[in-house]
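Here is a short briefing on one protein chain. Look at the sequence and the fold before reading on.

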Amino acid sequence: SERTLVLIKPDGVARGLVGEILARIERKGLKLVALELRTTERAVAETHYAEHEGKGFYAGLLDFITGGPLVAAVVEGPRAIAAFRQLAGGTDPVEKAATGSIRGDFGLETQFNLVHGSDSPESAAREIGIWFPNL
Ligand code: ATP
């Protein structure tokens, strides 16, 4: 079994999609092992998105992620990393995410794509350490 870090970004919380998104995670058979509604300190967002520093969307991304409460979760199950990325759909909700995925069903713009999921076991370990250091 594997763990992944999931964020329901501030757009998902603001639009009232927390229940919908958590329901999809649970219906897939994945298990919630940590769950928290929180407002994100700038330093946490910078650490989480360090790989994007210097890109054109970085400043806007940090403002967006710190701009309102989000839901952070640790999700566990067989192939949890790939399984959640399948549920999420591709980064661009219109061009890349299939209908039936979270982003494909609910998203319009790449920045406001509702969810984050770790992309590898190394990322999952790093990100779980950032968001849930006591886990
Ligand atoms: P995440 O890491 O959030 O799951 P991802 O791995 O699909 O997303 P990344 O390429 O790591 O996508 O980008 C991280 C986040 O930065 C995206 O989810 C999106 O919110 C934002 N982002 C990425 N590319 C753009 C862009 N071209 N314009 C605006 N925002 C972007």
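Predicted model: local features only at pLDDT ≥ 70, side-chain atom pairs only at ≥ 80, totals over all residues.

The protein holds seven helices and four strands. Its radius of gyration is 14 Å, close to the 14 Å that the globule rule gives for 135 residues, so the protein is as compact as a globular protein of that length.

**Overall fold**

- Along the sequence, the elements run β-α-α-β-α-α-β-α-α-β-α.
- Taken along the principal axes, the C-alpha atoms fill a box of roughly 35 × 35 × 25 Å.
- Buried residues make up 33% of the 135 residues.
- Take the contacts between residues at least 6 apart in sequence: 68% of them join residues at least 24 apart.

- Helix α7 spans residues 121-131.
- Its buried residues are Ala124, Glu127 and Trp131.
- Viewed down the axis of α7, these buried residues fall within an arc of 75°, so they line one face of the helix.
- The face turned away from the buried side carries exposed residues: Glu122, Ala125 and Gly129.

**Helix α7: packing partners**

- What do the buried residues of α7 pack against? They pack against two strands, β1 (2-8) and β3 (70-77).
- They also pack against two helices, α3 (42-48) and α5 (80-88).

Notes
Residues numbered from 1 in each chain as written. Rg over C-alpha atoms; globule rule 2.2 N^0.38 Å. Buried ≥ 20, exposed ≤ 12 C-beta atoms within 10 Å, placed from the backbone. Contact = placed C-beta atoms within 7 Å. Arc of directions from axis to C-beta.
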